[in-house]
Amino acid sequence: MTGFILIFALLFLLCMIAMPFIPVIVIILQRRHNRKRAQGGVFVSHRSEYANMEPSPADVAHVAARYGIMPDARGWMGWRCVTHDAGGMGDNIRGVAATVDLNGLAAYGLVRGVPGSGLEDSSFTADQIGAGIWGESLLARAIMAGRPRVLSWWSLYGFDECLRLSDSDIDCVLVGIRPDGRPVAWFVDAKRYKGGSDTSYVNVDAWHLARVSRARRAFVLDSEGRAWTSMSPNMWEQRERWQGLLARYGVVSYWVVCVTPPGGHGTPDMTTAVWPGGVTCMDIPSLRAMVDSVCVPDMFAAIPPGLVSLLDSHIKY
């Protein structure tokens, strides 16, 4: 009996000594596990619990100082907040998009898939689903207006960590041909965020954006009373998982987040925003200008048939 008590006491003492080191041990084991998975051809996740936490007061204070936001003890972390920005100047994006017949483009094979399809199966709210469908449809019509230099795919399945089809979707893929004959592709994540051209979305840190009204010198709250939004590493992960397949066809790829105007007061400014993994952000005119500057017109026949079949196989509907 005495021996049992001594063994129990010794085990208890060892546990107490090891307790502070358990988090470190867990991290080491997780990193070793991730390395083994990566070496075995399985991709690791870049998800972070911090993305769903509120940004730190120090990082928020840096944004407030940069944009001259007024102190307010009743506001977010002691900074002034408003529910709406000062509006802004409208643009012609919606006017241009209204002239485009997506069904006609689909009949010629230029638009493949249905913009915004599949969002009904997501965990988003009804308002978020409606906004997503509207934003992707607007993006499709604005990008494909006039004489498009790319084929476009809309609402595609992504890959999971084992390269199986996944609901971690890709909103849009644009494919054209460069002057040197190489295929080039843009993988695009469409975002329809609150605000007019007076609103800027700026990085608080690597995982969060803050919504700022430049004219009103205040943070702008959303319908849930938050002045910040978290960012997903989905495009970062998908870029890694598609890399091998795209290399087979010699594809030069760009991975971008594209912001769309939510209303008649222009597009929020996201020119400085960077998503996890270094994924950059641009508006529709900038994306369209980049496509037109890189791609040769009327070269659709030069797009590798295997690449077309690959992307077709990822269309949700």
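In this predicted model, the buried residues of helix H9 (residues 305-312) pack against strands E3 (111-113), E4 (151-159), E5 (165-177) and E6 (183-191) and against helix H7 (234-248). Those buried residues are Leu-307, Val-308, Leu-310 and Leu-311. They fall within an arc of 160° when H9 is seen down its axis, so they line one face of the helix. Buried denotes under 20% relative accessible area, exposed over 50%, and partly exposed the range in between (1.4 Å probe, protein chains only); the arc is that of the directions from the helix axis to the C-beta atoms.

Strand E6 contains Pro-183, which counts as buried at 6% relative accessibility. Leaving aside neighbours within four places in sequence, Pro-183 is in contact (heavy atoms within 4.5 Å) with Gly-176, Ile-177, Tyr-249, Gly-250, Val-251, Val-252, Pro-304 and Leu-307. The C-alpha atoms of Pro-183 and Leu-246, which lie 63 residues apart along the chain, are separated by 9.6 Å.

The chain comprises nine helices and 13 strands, taken as DSSP runs (helices H or I, at least four residues; strands E, at least two) numbered from the N terminus. Of its 317 residues, 44% count as buried. Among contacts with a separation of 6 or more, 69% are accounted for by residues 24 or more positions apart. The chain exposes about 16,200 Å², of which carbon and sulfur atoms supply 60% (Shrake-Rupley method, 1.4 Å probe; for residues, only the protein chains shown count as cover).

Residues are numbered from 1 along each chain as its sequence is written, and side-chain values use heavy atoms, with hydrogens and water left out. Because the model is predicted, local features need pLDDT of at least 70 and side-chain atom pairs count only at pLDDT 80 or more, whereas totals for chains, interfaces and linings use all residues.
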